[in-house]
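The structure is shown first.

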Amino acid sequence: MSEKKSIFRKIFRRVIWENLSTALILIGVFMLMQPFAMWMYTYSFIVILVGTIGFVITSHFPD
Amino acid sequence: MKTAVKKFKGLSDKAIAWIFITPTLILLLAINIYPLVYAIRMSFTNFYANKIGREPKFVGLKNYKKILGKEEIWEKMQITAHFVCWTLILQALIGLGLALLLNRKFKGNELLTTLIVLPMMLSPAVVGVFWTYLYNPQVGLFNYVVNFFYDFGVFDMIGSSTLAPWSIVIVDTWMWTPFTMLICLAGLRSIPNYLYEAAEVDRASKWQQFIHITLPSVLPFLLLALLFRGIENFKMFDLVVELTSGGPGSATELASINLKREAFEKWKTGYSSAFAVILFVTIFGFGNVYVKVMNKIKER
């Protein structure tokens with residue numbers, strides 16, 4: 001039981017997931033406002049949305 | 001009064017806290033949360049606010065697909081990015097510079113601070129109107145001052161599609177740099193003097209003192225000011241509408257101006273709700289990242 005708990009804690013560590021969500025948001029904002037490719041603009045919102053929802057959830061994970 | 005105290009005496013601390021918080025919560029729900037949820041719901045429909053009696057139909061993600069597939073909106077996002085990036089860069093540099101200047105003690109310091117802060121206190125509509133006069137190619141003071149230093153000839157800041165985006169950057173920087181300056185000044189005044197004394201004992205140069213003491217101490221304050229300005233400028237509307245109305249053509253049509261046109265000129269309520277949700281999620285996401293970075297800098 002405690003082994004399971006430790007694996008769970010190892011996977012869902014806040015630092016990793018929060019940083020991943022932050023990276024997604026930053027990439028998404030860049031994609032939304034860049035002047036280079038239309039396809040990046042098209043997929044920007046979904047990237048920002050996933051990042052933002054991820055950030056809100058992962059910021060409640062244990063350290 | 002006595003009866004009210006008696007009534008409170010029977011309640012727990014938690015219950016009293018809830019009594020005080022509830023009115024604020026109700027207001028927050030009514031003014032912020034309800035319109036937000038309503039807008040999200042509308043963004044999935046083909047609702048037109050001017051077609052009274054017509055039932056809005058559920059269209060799924062059609063509005064989002066339309067917005068994210070339109071090159072026209074992409075251009076508006078680039079115009080917004082140009083405006084936000086340049087205003088933030090200029091306001092950070094000039095604001096910090098002015099704060100460093102005003103942190104020194106000299107005669108007339110307080111008067112100068114008051115004069116610098118004045119533009120921030122004006123209404124954006126007023127600023128927009130009088131800057132259109134200043135930018136006037138025939139009688140405007142801006143043309144005169146620029147030509148005083150170098151003879152460019154007559155140029156129309158608001159009328160030219162290449163200069164107009166810079167004209168709104170200049171006006172916003174003029175108006176809101178004092179805000180950045182004030183917050184940086186608060187940060188500078190909170191640095192204890194003994195740090196500089198210790199640095200001088202260690203023979204640190206003025207530049208080293210700036211890099212290792214001043215800048216790290218003032219950075220959280222500067223970032224906070226830039227967060228506020230970034231959010232405000234991302235949804236900038238009034239100042240630009242008064243100044244250029246989004247023109248010439250659509251050279252200064254920011255995302256929020258386009259959103260207003262879609263919502264209140266073409267009356268595409270469902271479509272514009274989807275656009276508003278996209279802008280909201282972007283600001284919310286970016287705000288979260290910014291606060292996280294700011295907290296990390298503070299922890300250092």
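Axes are lines fitted to C-alpha atoms, for helices over the stretch in contact, and angles run from 0 to 180 degrees between N-to-C directions. The model described here is predicted.

## Helix H8 of chain B

Helix H8(B) covers residues 164-189, 26 residues in total. From its first C-alpha to its last it reaches 38 Å, close to the 38 Å expected at 1.5 Å a residue. The helix has a kink of about 40° at Trp176(B), shortly before the proline Pro178(B).

## H8 against H10 in chain B

Helix H10(B) spans residues 206-234 and packs on H8(B) at an angle of about 150°, with the two axes 8 Å apart. Angles over 145 degrees count as roughly antiparallel, and H8(B) and H10(B) are therefore roughly antiparallel to each other. Their crossing is right-handed.

On the H8(B) side the contact includes Asp172(B), Trp176(B), Phe179(B), Ile183(B) and Leu188(B).

## H8 against H4 in chain B

H8(B) also packs with helix H4(B), residues 71-102. Here the angle is about 40° and the axes are 6 Å apart. H4(B) and H8(B) are therefore oblique to each other. The crossing of H4(B) and H8(B) is right-handed. The contact of H4(B) with H8(B) has 18 nonpolar residues, seven polar and one charged.

## H2 against H3 in chain A

In chain A, H2(A) and H3(A) pack at about 155°, their axes 7 Å apart. That angle makes H2(A) roughly antiparallel to H3(A). H2(A) passes H3(A) in a left-handed crossing.

Residues of H2(A) in this contact include Arg14(A), Trp17(A), Glu18(A), Ile25(A), Gly28(A) and Leu32(A). From H3(A) come Met40(A), Tyr43(A), Val47(A), Gly51(A), Gly54(A) and Phe55(A), among others. The contact residues divide into 14 nonpolar, eight polar and two charged.

## Contact between chains A and B

How many residues of chain A are in contact with chain B? The count is 17 residues of chain A, in contact with 17 residues of chain B. Helices H2(A) (14-33) and H3(A) (38-58) each supply at least two residues of the side of chain A that touches chain B. The largest share of that side, nine residues, comes from H3(A).

The side of chain A that touches chain B consists of twelve nonpolar and five polar residues, with no charged residue.

Notes. Residues numbered from 1 in each chain as written. Chains lettered and ligands numbered in written order. Predicted model: local features only at pLDDT ≥ 70, side-chain atom pairs only at ≥ 80, totals over all residues. Contact = placed C-beta atoms within 7 Å. Helix = DSSP H or I, 4+ residues; strand = E, 2+ residues; numbered from the N terminus. Nonpolar A, V, L, I, M, F, W, Y, C, P; charged D, E, K, R; others polar. Expected span 1.5 Å × (residues − 1). Bend = angle between axes of the 7 residues up to and from the residue. Parallel < 35°, antiparallel > 145°, perpendicular 65-115°, else oblique. Left-handed = near helix turned anticlockwise from the far one by under 90°.
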